[in-house]
Amino acid sequence: MSAPAKLPRWAELSLLPLINLGVALVLAGVIIKILGESPLAAFKLMVTGALGTQEGIGYTLYYATNFIFTGLAVAVAYHAGLFNIGAEGQAYVGGLGTGLVCLYFGTWPFWVVLPLAVLAGAIFGAAWAFIPAWLQARRGSHIVITTIMFNFIAAALMTYLLVNVLIKPGQQSPETREFSANAVMPAAHELFAKIGITVVATPLNLAFGFALMAAAGVWIFIWRTRWGFALRVAGANSAAAVYAGISPPRIIVGAMLISGALAGGLGLNELMGSQHRILMDFPSGAGFVGIAVALMGRNHPVGIVVAAVLFGALYQGGSQLSFDMPKINRDMVVVIQGLVILLCGAMENIFRAPLTALFMRLSRAKEND
Amino acid sequence: MSKEPAAPPFTPPDAPPALELRGIDKRFGAVHANRAITFAVAAGSIHGLIGENGAGKSTLMNIVYGFHRADAGEIRVRGRAVEIGSPQEAIAAGIGMVHQHFMLVENFTVLENVVLGVEGGALLSGGLAAARAELGRLARDYGLEVPVDAVVSELSVGLQQRVEILKALYRGAEVLILDEPTAVLTPHEADQLFTMLRSLRAQGKAVILVTHKLREIMAVTDRVTVMKQGAVAAEVITCETSPRGLAEHMVGRGVLLQVEKRPSQPGAELLTVKALEVRDRLGVARLKNVSFSLRAGEIVGIAGVAGNGQSELLEALAGTRSASGGEISFGGRDLVREQIDPRARRALGLAHVPEDRLRMGVVAGFSAADNAMLGYHDAVRFNRGGLRDEAAIRAACAEKMAEFDVRPSQPELRLAAFSGGNQQKLVLAREIYADPNVLLIGQPTRGVDIGAIEFIHKRLIALRDAGKALLLVSVELDEILALADRIFVMNGGEIIGELARADATEEKIGLMMAGVRVEVSP
């Protein structure tokens, strides 16, 4: 009986990610030190910048909203055994759907525009995910490759549309006219003002609520419905799925439609909530950060929300850092974020074996006592 | 590499044993896999190592072969204590192992496989020439003839196994470990293997035969070590014991090796197969012109060497593999023409316990409760208002666990944490609870311990007596002989003969498995 040793659940879910994060920060500290700044001061600046002020918290949660949507998108596909690298493109095209509703139906009452915008974002995002999904299900084209390529196609398509079709007449920069006031997501400070609380104005908006609702919905879907069960069976063991009468090709298409629809939620935050127009490259990498968020959050909605807030804080703290420390420029902040993604995402297992060994030694010592 | 002449056939009684284990102890986390194992294998003897699945046999052999390191204890080879930290060190100490799943490069020749890893230089030609000469000597000394220039994938399974044995001998093995060597062989090939092992014994080699088949132990070994729950339960001289005695040592109580059952009373035809044909992705026919029918109240056994179409037949009937021709009539429908999927077949009353449980029958990472309803997850009883009814799912699993004595009785536990026998009992419970008219069942007791085998066999007989039809595919001939009322033998994708149980003998079936058409009355 060679049952592989396992970490206790709490260590799996919290200790391991924290160690990864810690190591990433130590490495970042070394780089900051080499650049001639104090790592401690830099981290203090990042933490206070991200979480120390109302403004910082607002921005952190605003960034986190994007990452929750894309993280959930990656996670749903993951549970079906699919690695969706295309959340970036799906968010981009999904945002187009939301933006078109806001541009052309934006004068209708907000409570009519909102559901239409949500729906259009989901449908456009799902449609963009459908093509790679269909190719995988029917033709066996590997979804990792096709979704990566569809990011480029999405970028080209959006550039064409923004430069040639949707551009505001009489202007140089490739972006649309501004949405009308009815097609704007209420900002958090406006909502707080209604109940008599004054907070600093930030881009944080109602889309954050939608992101949390999406997280709850994903949890119910994956773990509490038979469709989610079928999806997980197909992802865990496709032979068993066939045996159980579940069609893996259908699951592939279904899971990717949901995944694309979730990625499409990004437009609610970025376009309706913050930019109020469609502009070039508005997802700005959130689709890729979503992969790291999903990995770090163990593909569980709660974990994803926590990881998304962490990455939001990293973004906000990072921009604060490049603002206040002249030797650390914007690119340096990207390096720090990259280290966190590397350690928490790509190499999340490097400390698993030593940690497991440590726990085994501890539990054995306890037994021998 | 040992170039000295073969050891004399009879070792003097005071010579140190070829391999001696002293107090081997190994833990994996909470699992105490080996507890103070001590035994010795003399040169020029065949030593059996027997025990249920999970008794610790494989762990022990993996320690001897250097895959694992023991927590405590000592391995002595010819009286000298050795440290074995890797298979390379095991080979250097003169220990060779033939794994159940062969470690051969299929598109290399026999010769290339034999020298793999011991080429002895940058250029291959020297090593190949030396190996060719050495293989010639081994063929003469041990009667181990192989076509040295044939590509391995073109050899029969029996010959591939012989190549594995030659690989070990070429590397100078004095102690040869064989892990479940007969699992993939026909009875005839198994006999050839035993002849080979006897000639190795005569040349002074020590052979360790790891198996769970009592018959083989009785046929070929000199001494037997019985393992139970990680410890040595008994060590006996083979000719002084009996299969029953060994079985008692393995499970700690008497076991019925023969199932008690009444003669079958076959009723109406429930399922009829006509000219069924299955082709694989390359268009090769894996199942040719298979026709038969299953009647209520009988168990039909399918015997055959693994890979002769039994799996394809089972899967085509269950719907997990599509048939390319023929018809399957069941419940008034033609399952082939109407392309009815596995879920719909289940709804019609056709249940399936797949051959390879872990690959197809369960999702190892999911809870027992989830697995106990896999395939029935759309049923009304497991859903309430669009959501899964978690309480009902758990309760249904607990009920199955209680009736089928699945231990531990914890629906929330991951399936992978259960032993093979308990997993199989849960799968069986799932399919039997659906109250099918026809149950297709593949390898019902593969990887299942003896206590559970008895239980599973009784349940299958009870199902038959309740007027259901069972189609049983098993590589264990004993199991088919114990359970089946009629026996089909498959070879090369065809049913090449049918035997009534009363006419079936091991010899007849063995010949038919090897492809010989025996004239029998249907």
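At roughly what angle do the axes of helix H8 (residues 207-224) of chain A and helix H9 (residues 226-236) of chain A cross?

**View 1. Helices H8(A) and H9(A) cross in chain A.** The axes of H8(A) and H9(A) come within 5 Å and cross at roughly 70 degrees (axes are lines fitted to C-alpha atoms, for helices over the stretch in contact, and angles run from 0 to 180 degrees between N-to-C directions). That makes H8(A) roughly perpendicular to H9(A), a term that covers angles of 65 to 115 degrees. Phe221(A), Ile222(A), Trp223(A) and Arg224(A) in H8(A) meet Trp227(A), Gly228(A) and Arg232(A) in H9(A), where contact requires C-beta atoms, placed from the backbone, to lie within 7 Å. By class, this contact has 4 nonpolar, 1 polar and 2 charged residues (Ala, Val, Leu, Ile, Met, Phe, Trp, Tyr, Cys and Pro count as nonpolar, Asp, Glu, Lys and Arg as charged, and the others, Gly among them, as polar). The model is predicted, so that local features need pLDDT of at least 70 and side-chain atom pairs count only at pLDDT 80 or more, whereas totals for chains, interfaces and linings use all residues. Residues are numbered from 1 along each chain as its sequence is written, while chains are lettered from A and ligands numbered from 1 in the order in which they are written.

**View 2. Strand E3 of chain B pairs with strands E8(B) and E9(B).** Strand E3 (residues 45-51) of chain B is mostly covered, with 6 of its 7 residues buried, that is, having 20 or more other C-beta atoms within 10 Å of their own. E3(B) runs parallel to strand E8 (residues 206-211) of chain B, to which 6 bridges join it, and Gly48(B) stands opposite Leu209(B) in E8(B). With strand E9 (residues 223-228) of chain B, E3(B) pairs in the parallel sense over 5 bridges, and Leu49(B) has Thr225(B) in E9(B) as its bridge partner. Pairing of two strands requires at least two bridges found by DSSP.

**View 3. Chain B touches chain A.** The contact takes 29 residues from chain B and 19 residues from chain A. On the side of chain B that touches chain A, strand E2 (31-41), helix H10 (342-348), helix H11 (357-361) and strand E18 (387-388) each supply at least two residues; helices (H or I, at least four residues) and strands (E, at least two) are DSSP runs, numbered from the N terminus. The residues of this side of chain B divide into 11 nonpolar, 11 polar and 7 charged.

Notes
Buried ≥ 20, exposed ≤ 12 C-beta atoms within 10 Å, placed from the backbone. Parallel < 35°, antiparallel > 145°, perpendicular 65-115°, else oblique. Contact = placed C-beta atoms within 7 Å.
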